[in-house]
Structure formats: C-alpha cells, structure tokens
Amino acid sequence: MSKTWWRGAAIYQVYLRSFADGNGDGVGDLAGLRSRLPYLKDLGADAIWLNPWYPSPMADGGYDVADYRGIEPVFGTLAEAETLIAEAHELDLKIIIDVVPNHSSTASDWFQQALADPAARDRFWFRDEPGDWQSIFGGPAWTQVPDGQWYLHLFAPEQPDFNWDNPEVHREFEDVLRFWFDRGVDGVRIDSAALLHKSDTAWEDLDPVHDVYRHWRTIADSYEDRVLIGELWLPDQERFARYLRPDELHTAFNFDFLSCPWDPEELRRVIDLTLTTHATVGAPPTWVLSNHDVTRPVTRYGRADTSFAHGGALHGTPSDPELGYRRARAAALLAMALPGGLYVYQGEELGLPEVEDLPDELRQDPMYARSGGTNPGRDGCRVPLPWSGDEPPFGFGGPSPWLPQPESWRKLTAEAQLADLDSMLNLYRTGLRLRRECFGDGTLAWLPYGDRVLAFTRDSGVTCVANLGPDPVPLPDGAVLLASGRLEDRLLPPDTTAWLRTP
C-alpha cells in the first residue's frame, strides 16, 4: 500500500463492544475482532478504525477514558492489542485508533488527584462559579465537587474537560501519540477535534487548537505512513479546511455528506462543496454514510425526511424498510465511486436497520438519561452484529449480548448473506473490490443527465450514474460493472446506482 494509503482507503469502523465476542461474556472484544480479521480482508477493507479500547467506566461507551496507555480489561490486554496490530498488518490491514483529547474520565488518576488536591486542578476547567453552558448531551455543562468548586464537562458529568492552556496536557497527549505509534498503530482518529481550547465565551474552533495539531503532525511525520483524522462538525467549510492544511491533519470526516438528504440537488451541492474545499488545501475528501452516533441508513433513507441531525434524529418516525434498503444500496455505490477515502460502519454492509424498540431499562447511552428519556440515544445503531444462525445471539458470542438483537435479523446474518448473490453484503464485497481497481483518490467530471440524476466519470474511465428520480432513465453506452438493483432493457430504475466502463 502506498505511503499515502489513506487518501483513497476504504476504512471499516469497528465498535468493539458490538463487533464480535471472543470469550462469551456478551461484550465484543479483541479476541472476537482477531477471529474476524479474514472477514474484513475479504470484505475489501484497507484499514480498521476502532472506537476507544482504553480502560473506562463506560459512562459514554468508552469515550470517558481513564488510562490512555492501556486496554479495557473487558476487551483484552495491551499484549493482545499488539498481537491484533501485527495480525492485521500480516493481512495488509491498517489499524486506526481513537484518541479522545477533549475530556477524560472522573476515574482517571489526574481527575482523582484534582478532587483530592485543589492545587492539581489546572489540568481541567475548574471554577468557583458555574457558567451557563449546556452539555452536548443535555443539561448543565458544569458539575459541583464537594468543596464547592465546579468543573466543566461538555459531554457527560463523568467526562471532565481538559484545560489545554496547561502545557502538561500538551505533553501528555504528545506522549500518548508516540506510545501507540511505537506499537504499530497506523493512525489516530481525533474525537471532538475542534473543542480542545476554550475561552470564557466560546468552546469550539478557537485558533489555538491549530497549534496542537501542528505539533501532532510533526510527531506523525516522524514515523512512516501515519495518519491524523479529525472528527469535525463545523458548518463553515472555510474553517473546516483550515484543519487540513499541509502541516495539520491529513483528513477529516465529511459530516455534510453523512447528514445530507437523499436529494440530487443537495447531494450535488455537498459533493461539489466538499471537492472544492479539500482541493484548496490538497487534502483528500472522505465519504461517510453512518457511524456509531448516527441513525442507520436503511432506516433513515426510508423516511420522508432522509436528512440527519443530532438535535432531531427523528427517532420513531415511520420508515419504509424496502425503500430505505433500496436507497441505502444506491447510496453505498455512489459513495464508493467518489474521489477520496471511504468509511464503512460495521453492519452497514449487512443492511442492518436501526433498532428503535430497545427496552428503556437496557439503554446505556447517556443521551437517554440526560434528556430524561425524551432522546432514546444512539444505542439503536450499536446493537451487536449478527454473524450466523437462526436465533440470537446469531454467532456474536455468549448466550446474551449486552444489547438484544431483533429476531428478524436471522435473514441479515453474514452467513445468510454470503450465500445470497444479491445480498447487501455481496454488493459491498463486489463494490469494494471494484473500487480498489477503479476509484479511490483522484478527480471526477460531471456528466449532464437531468435534474434527478447524478452522473460522473472518474479518472479510470468508469462512469457512475445514480437515479434519484421517480422514473427509470436510460444508461449511457458501456459495459455495466455493478448495479445496486436489477436493470431491464438498460434502464436504471429509481433509487438505483450503476457503474459502467464506458467506451
């Protein structure tokens, strides 16, 4: 794989708790992931991105990190993580891990020291009086400690925010990067990357954060083929692009595309804006349809409103499963054909729907508790994967997964789909194989094809045509390489995408 492997890579996101359980306790772990590495290789992934695997009380699914240099015992050991990295590399799979620099855990040594000794509090945001900021998870962003002071947490109270004005914090995370790069990790995805620095009036996208990433880039560049990936939810594309300058992050998540409705005009606008924004700084775009925080595409695309926003995730809104499934297949091929990198969230390749009827007493996302139950949270896209068999736990491991799987998933197991040539899994397997040959990094040229159709040709000469209109449209000349639905008489049905090698 080239030294700029990340520019066109297909990166598979593993939410470790829900991927595969290797020891039978109902929680996914490193042993389960190691056993499924051949599956990911055969799927066509180039890299694996793991959500936090560090020791954690799990107040927010591991994003409340107690120790940045260890592995959560439920998942395995540091030695096993090193074995995973080595085994992945033997299969030519890169490993990317989450780094969470905005906040820690109240269980961390640093925060426990701060509670015991007010002189040790400068590593966090402690104040004598609380401000009026609200937590992203709902409720106040300030919590009082026994001696009367208050600390800031932009997320859950168990996640105290670091004070990035303190040089100790800088040194700590620079050392954390080196710790994992020394163990062979190929890249880091930076959680909440724009939130690190705060002022008395603002807590997002402040200028000093860029100096942090300039230092991190120097560290990454001192190793071979390492990549820095930012999680950046920023509405201003010019501000977004600043994080991707040549001396900062290599790439960042494209949330505009993820949030975009299934609408040709909006998709064309977002694709054009993305390509223009990234071209100004020489960075590759990324294309993302889902992740561990987002309503699954099969459910979202079946609704009347197919957009996504955290503040109004439309939980429980009626969804047409057949329409959503058809559109999710078409969206997958559209995303795979675009220039740049691609992210696939586990279960996306199986066409799993959002699980919206989880029992309230089993929900673990703090967004549910902090909202008083008005927001059911993100557990519905985190239900453990179905691998095989006709009844739960569908080969996941153990008698009872940490979240229950629907009985209807018997038709969606990886085992069942491998035997069905028309399945979502086989569409992804074929699509990712062809993508490696035909797409990835590069440019595109739009083709005139009507208001309801997105059509473009890539550098390889392969054309992608996505029909988002109500009527079938004729395909251009050329051999069809792959289509998300059945074609008749060279007509592309509604909500269908096809790839052609044009003469």
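Q: Helices (H or I, at least four residues) and strands (E, at least two) are DSSP runs, numbered from the N terminus; in these terms, where is the place of Asp205?
A: Asp205 belongs to the loop between strand 7 (187-190) and helix 6 (209-221). The model is predicted, so local features need pLDDT of at least 70 and side-chain atom pairs pLDDT 80 or more, while totals for chains, interfaces and linings use all residues. Residues are numbered from 1 along each chain as its sequence is written, and side-chain values use heavy atoms, with hydrogens and water left out.

Q: What decides whether Asp205 counts as buried or exposed?
A: Its relative accessibility is 11%. Buried means under 20% relative accessible area, exposed over 50%, and partly exposed in between (1.4 Å probe, protein chains only), so Asp205 is called buried.

Q: What makes the phi of Asp92 worth a remark?
A: Most residues other than glycine have a negative phi. Asp92 is not a glycine, yet its phi is positive, near 60°. Asp205 also has a positive phi, of about 60°, without being a glycine.

Q: How do you know which kind of peptide bond joins Pro392 and Pro393?
A: Omega is about 10° there, and the bond is cis. Pro393 sits in the loop between helix 12 (366-370) and helix 13 (414-418).

Q: How do you know that strand 13 and strand 14 pair?
A: Two strands pair if DSSP finds at least two bridges between them. Strand 13 and strand 14 are joined by five bridges and run antiparallel, with Leu454 opposite Ala466.

Q: Which strands make up the open sheet of five, and in what order?
A: The order is 12-13-14-18-16, with antiparallel pairing. Strand 12 (444-446) and strand 16 (479-483) are the edge strands, each pairing on one side only. Within this sheet, strand 14 and strand 18 share six bridges, and Thr463 has Leu500 as its bridge partner. Strand 16 is joined to strand 18 (496-501) by four bridges.

Q: Why is strand 14 called largely enclosed?
A: Six of its six residues are buried, so the rest of the structure largely encloses strand 14. Val462, Cys464 and Ala466 cover one side, and Thr463, Val465 and Asn467 the other.

Q: What makes strand 4 and strand 5 edge strands?
A: Strand 4 (126-127) and strand 5 (142-144) each have a single partner strand, so one side of each lacks a neighbour in the sheet. That open sheet has three strands, in the order 4-6-5.

Q: What is called a pocket here, and which residues lie nearest the centre of the largest pocket?
A: On a 1 Å grid over the protein atoms alone, a pocket is an open set of points where a 1.4 Å probe fits, with protein on both sides within 12 Å along at least five of seven lines; lining residues have an atom within 4 Å of a point. The largest pocket is lined by 24 residues, and Ile136, Phe155, Ser192, Glu231 and Trp233 lie nearest its centre. Its volume, the space filled by probe spheres set on points joined across faces, edges and corners, is about 490 Å³.
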